[in-house]
Amino acid sequence: MSYRVFARQYRPKKFDEVIGQHHVTKTLAYALLKKNFAQAYLFSGPRGVGKTTVARVFAKTLNCKTKGPANACGTCPACLALDQGSFLDYEEIDGASYRGIDQIREIGEKLQYVSVSGLYRVFVIDEVHMLTQEAFNAMLKFLEEPPAHVVFILCTTESMKIPLTVRSRCQHFRFKLLEIDKIIGQLQNICHKENLKVDDDALMTLARHATGSLRDAENMLEQALAYSGGSSLSGKTARSALSESELSVKLDFMRNLKDEKLAANLTLIHQLEKDGFSFSIFLHELVLMLSAFVYLKAGIQERFTLELSKEEFVAYKELLSFFSLGDIYRLQDILFQFIQEIKNSTETRTLTLLSLIKLSRYKKLITAEEIRENLLFFSKMTAMGEPSHIPPSSVPAESPQHASTQHASSEILQKNTSASASTLAPKMPATDSDSTQKNMSLKSIRKQWNQPQQASQTPSKNEYFSEIDKHVSKVFGDSKIVR
Ligand SMILES: [Zn+2]
């Protein structure tokens with residue numbers, strides 16, 4: 001027997017073998033059991049999640065004369081013929097290359113013929129959204145009133161492109177992306193049957209790259225095994241086969257950022273390029289890492305939710321303590337900006353260098369949100385006729401190591417806050433120390449800030465903007481506003 005790829009070899013043959021689409025298979029099996037199934041179905045969902053597989057299983061169960069309560073027998077002539085792809089009453093049409101009105105008319109002409117098996121003829125049109133408008137119109141009539149022995153199953157990855165007139169004539173099932181634990185479970189099942197040794201790190205790496213598509217995961221497993229040249233696979237080899245940088249490289253990059261070692265990161269990126277890795281892909285990997293950091297900071301410890309292998313989980317948790325939530329937010333902001341910019345630029349190298357410099361200065365950057373908060377604060381203070389002070393909320397209460405290296409705005413802001421304390425001092429109750437005085441001032445600012453403003457105190461528009469401009473340049477300084 002010739003070699004078949006895993007995705008075909010381990011393709012489900014019965015409803016209860018289909019993974020992750022229980023809401024679809026349960027409904028279809030019950031409809032078949034009760035013999036009240038529809039004659040036109042629309043299966044929509046992402047690639048590689050089992051749409052055509054379920055269509056095939058449905059056709060098999062429909063035509064199996066010796067089926068059980070919900071599953072085809074798998075051994076009768078109809079079941080065997082469908083498994084081998086030789087069942088005459090089952091036709092799978094590629095909507096991408098068979099998309100015109102003439103082709104749809106051809107299908108219409110076939111409908112008059114009874115089934116060879118004596119039961120049902122099933123027409124599956126894959127990628128149906130690729131049909132022309134005329135083809136869809138030609139399909140409407142027989143989709144609404146097909147002969148009693150005909151069932152249509154339309155499959156698509158883009159259901160919104162299907163005309164409403166077609167959609168409304170079908171029972172619509174939405175297929176879901178598979179959860180990572182279900183993908184890993186299926187890969188483990190294949191490894192067990194094929195006697196393969198694939199470690200946890202490799203399975204997680206493959207499943208994560210598959211982004212919810214089981215077919216992609218199975219194909220990547222084969223690809224990585226071919227790359228390893230044997231029957232075993234480690235996480236390191238899997239990453240290499242999928243052009244993902246090594247975990248240690250990502251960890252080194254983040255440590256260099258933390259220690260403000262720009263030169264070390266430039267060297268690291270240079271080495272990545274020499275090894276044939278793409279910097280933009282590397283940045284995508286960093287985005288995923290930072291997303292995992294956010295989940296960990298929020299207290300989520302489930303490895304499968306985080307999509308991390310054991311090795312990654314331990315390493316990330318160790319590194320996490322060096323970054324505050326604000327740091328992570330700033331780094332993600334820079335990375336997303338870079339990813340957007342690089343799409344429309346031919347100056348990859350320059351952009352890479354700029355983004356590296358920006359990343360290395362993440363502690364000094366001010367986010368747009370922080371600027372907005374400060375502007376709001378200034379406007380409030382100006383409206384109250386008070387001298388400008390620093391909003392307490394703009395001085396983040398972060399981790400100890402972060403506090404010592406707070407970004408530039410906070411440093412300046414803190415200075416101003418101290419200075420403002422003396423300005424406000426006469427209005428504050430007497431205190432014993434400067435620090436208490438400062439805290440009292442901040443409390444006072446907060447209190448005043450939260451009080452409703454009197455209409456008479458509101459400055460004119462020009463006064464308002466002039467005051468804001470003055471305070472912004474006073475506090476941030478031209479060179480301090482990085483973004
Ligand atoms: Zn059968």
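Tutor: Gly212 sits in the loop between helix H9 (200–210) and helix H10 (214–228). Helices here are DSSP runs of H or I with at least four residues, strands are runs of E with at least two, and both are numbered from the N terminus. The model is predicted: local features need pLDDT of at least 70, side-chain atom pairs count only at pLDDT 80 or more, and totals for chains, interfaces and linings use all residues. Residue numbers start from 1 along each chain as its sequence is written.

Gly212 is buried, because 20 other C-beta atoms lie within 10 Å. The cut-offs are 20 or more other C-beta atoms within 10 Å for buried, 12 or fewer for exposed, and anything in between for partly exposed, with C-beta atoms placed from the backbone. Leaving out residues up to four places away in sequence, Gly212 touches Pro46, Val49, Leu177 and Leu178; a contact requires C-beta atoms, placed from the backbone, within 7 Å. The C-alpha atoms of Gly212 and Ile180 are 6.7 Å apart, although 32 residues separate the two along the chain.

H9 itself is mostly covered, with 9 of its 11 residues buried. Among the elements covering those buried residues are H8, H10, strand S6 (197–198) and helix H16 (310–320). One of the buried residues of H9 is Leu206. Apart from neighbours within four places in sequence, Leu206 contacts Leu187, Ala217, Met220, Leu221, Ala224 and Ala238.

Ile183, Gln186, Leu187 and Ile190 of H8 meet Leu214, Ala217, Glu218 and Leu221 of H10.

The largest nonpolar core has 93 residues, and Ile183, Leu187, Leu206 and Ala217 are among those that touch the most other members. Such a core is a set of buried Ala, Val, Leu, Ile, Met, Phe, Trp, Tyr and Cys residues joined through C-beta atoms within 7 Å.

Conventions:
Contact = placed C-beta atoms within 7 Å.
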